[in-house]
Amino acid sequence: MISVLALDPAWWQQTFLIKVPIGLLAVLLPAGTIVYLYLFKAISFMQSRLGPMEAGPYGSMQLLAEVGKWLQKEDIFPTKADKFVFAAAPFVVLMSTFLLVVIIPAGPDAIFVDLDAGIYFAMAVSSVSVIGILMAGWSSANKYSLLGGIRAAGQLIAYELPLILAVVGVVIQAGTMNMQGIVLAQAEGEILGWGGIGNPFIFTQFIGFFIFMVAVQAELTQAPFDMPVAESELVTGYLTEYSGIRFLLFFIGEFASAAVFSAIAAVLFFGGWYVPGIDPTNDIFNVIGPLILAGKMMAIAFLIFWFRFTFPRFREDQLQRLAWKFLIPLSLANITLTGLLKVVV
Amino acid sequence: MATTESEQMAYIAAQAADARVNVEVETNEGMTLNLGPQHPATHGTLRIVAKLDGEKVVAAEPIMGYMHRGYEKLTEVRTYPQVTTLINRIDWLGSFANEVPFILAAEQLMEVEAPPRAQWIRTVLFELSRIANISLFLGDMAVQVGATTPVFYAFRDREFVLNQIERVTGGRFHPNFDRIGGIKDDLPKGWIEETGSVIGKMRDFCDEMEELVLGNEIFQARTRGIGVIPPNVALAYGLSGANLRGSGVDWDIRRDANVGLVYDEVDWKVWTHPDGDSFSRFWVRLQETREACNIIEQLLDGIPAGPIMAKVPLIIKVPAGEAYVATENPLGEMGFYVVSQGDLTPFRVKIRSASFSNISIAPWLLKGVFVPDIISILASLYFILGDIDR
């Protein structure tokens with residue numbers, strides 16, 4: 001069976017009927033895993049408590065119970081809300097996540113769309129979520145939501161720039177914007193003439209990785225950059241008026257985005273679906289590639305949630321200062337250095 | 001001043017109308033944000049009305065009274081021993097500490113003094129409730145600036161202290177243990193040794209909080225230079241406790257105006273911090289928790305033997321007179337002004353609670369800060385709603 005899959009792996013790519021469920025799975029499964037493993041369990045252990053224990057073995061069915069709860073709840077629209085915008089906002093946010101999943105390679109052929117400018121596309125569609133959040137904040141007719149939405153817009157736009165600039169270093173080194181090309185460049189690269197483990201860009205682009213992760217933390221509005229949803233100040237910011245299924249959509253969007261950004265980081269800095277020791281052209285990667293990518297993704301996602309539950313929250317002006325006065329100059333320096341080394345070496 | 005009843009009513013109505021105008025009318029100069037009475041950061045039902053320009057606060061005003069329970073009036077229909085049941089619900093986190101000043105005031109009126117052993121045990125429990133109270137502040141302050149984890153450590157470790165209080169008094173939160181002329185029961189067997197180990201745990205907790213919260217760069221960025229109270233302003237607004245000492249005023253009732261507790265017997269230090277900002281208030285409270293550990297440890301070594309109750313009549317009738325006793329409670333100065341007319345019940349009790357004065361500085365302090373700083377400044381002032389509204 002595996003050999004059949006491995007020999008003719010592109011068959012599932014062709015059919016729309018198979019693509020859609022796999023796409024849904026690729027968004028929901030990592031999001032659910034992250035919620036259970038990190039948000040429910042790992043964090044509980046860090047905070048010296050057990051987390052959910054009753055629903056299923058070790059509370060593993062808790063998320064299903066929560067989803068069931070949200071589905072049953074009334075979908076409340078505030079009286080003064082702009083109904084259409086209010087209803088559409090969660091879908092805009094979720095759309096951004098789904099568009100991001102499209103370009104992530106999980107194997108040599110296991111990719112939805114192999115765009116030549118894949119990472120460029122990713123950076124572009126990741127900004128779409130800002131619009132959804134702004135829509136949610138504005139249409140809720142709630143002052144906390146408004147403050148949260150405006151904060152989110154300012155923050156996401158400010159951190160778009162370091163995010164893109166951090167990626168530029170990788171693109172220069174790989175010589176391509178194609179996501180598969182970036183993976184292959186790492187798989188076939190050499191560290192000082194030794195090609196034993198390829199050349200994961202984390203070794204050369206560690207500054208880029210640091211900036212990327214900080215910017216991702218801000219893009220995902222996780223602590224220490226969670227002022228758009230700061231629960232001790234703004235109740236829950238732009239989410240305040242949402243309930244039921246629309247809140248669930250935002251919730252999925254948040255954690256699926258965490259998964260997707262972790263996967264992009266895994267592709268850019270840790271070689272994506274590649275593991276050393278196997279020829280990257282080997283078709284076996286179409287089968288084990290998704291698992292390898294998922295493993296790397298989960299490791300990076302752990303960082304995101306570890307930081308989230310460790311640090312206090314910045315203030316809005318401090319966040320902007322960090323972006324414009326520290327991260328952007330640092331990433332520009334990183335690009336300059338990468339470019340110089342690329343020319344010299 | 002309004003003198004007749006109708007004038008008074010008119011005055012109150014005008015006040016109420018003013019409050020309504022402040023809250024409801026939107027001006028062109030910005031937005032009125034109504035924080036509370038139901039808001040995650042108000043520790044209960046404090047309401048803050050803030051006029052905003054963008055995220056900057058133009059004016060902010062705390063509106064109190066959503067949890068007014070009328071304790072001052074209720075004490076007038078309760079006998080003296082019954083009053084402690086009520087008043088330990090004022091500052092519900094350090095409840096034993098609430099009972100002490102009232103009992104001391106009543107003792108002053110009756111001219112009885114608790115035997116030394118009772119005084120020592122009182123002081124130990126007083127300091128234990130200080131640790132139980134402030135340890136929660138150390139975690140809660142971190143929550144208010146956005147770190148979710150420390151408060152769980154605070155709840156976890158506070159439980160050890162509450163267990164010790166429970167073993168002596170029978171109540172975790174509301175001990176109702178202090179009596180006129182002494183205390184209700186003696187210490188249980190092995191309690192002193194256990195408390196010693198709990199003190200060790202609380203020291204570790206303080207170290208943990210110092211590393212996790214106080215040493216964190218983001219926490220410092222959020223609190224340093226924020227909400228600065230100069231010493232003269234702190235005194236003018238009647239601040240007390242760590243808020244006052246955080247502004248560099250070296251005043252502690254335990255040292256400077258001690259009544260009835262045995263702080264003179266131990267070697268301890270009053271901590272002050274010159275900056276007067278949110279950070280210094282946190283710092284002072286952290287050091288005070290450590291100092292409380294030191295005090296308890298020294299007291300446990302030398303609890304004298306002897307009776308725990310002085311000779312008091314079975315039915316307590318307090319002779320006519322007036323007495324005011326204040327103690328340095330976890331939140332600051334708490335004073336009871338007791339007027340007796342020789343009855344079974346007090347004629348009038350005026351409660352001077354720390355949080356009420358501490359929160360009164362909020363309009364002055366919140367002018368010109370950002371919305372997130374409202375929360376962090378209020379958290380650093382550290383009030384308990386029951387202590388504000390009584």
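Biologist: At roughly what angle do helix α5 (residues 116–144) of chain B and α7(B) cross?

Modeller: Residues count from 1 along each chain as its sequence is written, with chains lettered from A and ligands numbered from 1 in the order written. Helices are DSSP runs (H or I, at least four residues) numbered from the N terminus, and axes are lines fitted to C-alpha atoms over the stretch in contact, with angles from 0 to 180 degrees between N-to-C directions. The axes of α5(B) and α7(B) come within 11 Å, and they cross at roughly 20°.

Biologist: Why is α5(B) called roughly parallel to α7(B)?

Modeller: Angles under 35 degrees count as roughly parallel, over 145 as roughly antiparallel, 65 to 115 as roughly perpendicular and the rest as oblique. These two helices cross at roughly 20°. That angle therefore makes α5(B) and α7(B) roughly parallel.

Biologist: Which residues of α7(B) meet α5(B)?

Modeller: Contact means C-beta atoms, placed from the backbone, within 7 Å. From α5(B) come B:I131, B:S135, B:L138 and B:A142. Their partners in α7(B) are B:M202, B:F205, B:M209 and B:V213.

Biologist: How do helix α6 (residues 150–169) of chain B and helix α7 (residues 191–214) of chain B pack: roughly parallel or roughly antiparallel?

Modeller: Their axes lie 10 Å apart. The angle is about 165°. So α6(B) is, relative to α7(B), roughly antiparallel.

Biologist: How many charged residues has the contact of α6(B) with α7(B)?

Modeller: Residues of α6(B) in this contact include B:D157 and B:R167; α7(B) brings B:E194 and B:K201, among others. Asp, Glu, Lys and Arg count as charged; Ala, Val, Leu, Ile, Met, Phe, Trp, Tyr, Cys and Pro as nonpolar; the others, Gly among them, as polar. With 12 nonpolar and 2 polar residues, the number of charged ones is 5.

Biologist: Which helix gives the most to the side of chain A that touches chain B?

Modeller: The contact takes 24 residues from chain A and 26 from chain B. α8 (143–174), α11 (231–234) and α14 (316–344) of chain A each supply at least two residues of that side of chain A. With 3 residues, the top contributor is α11(A).

Biologist: Over which residues of chain A does pLDDT stay under 50?

Modeller: Chain A has a mean pLDDT of 83, and 94% of its residues reach 70 or more. Where pLDDT is low, predicted coordinates should not be read in detail. The stretch under 50, with 8 contacts beyond four places in sequence, is residues 1–7.

Note on methods
Predicted model: local features only at pLDDT ≥ 70, side-chain atom pairs only at ≥ 80, totals over all residues. Contact = placed C-beta atoms within 7 Å. pLDDT = per-residue confidence, 0-100.
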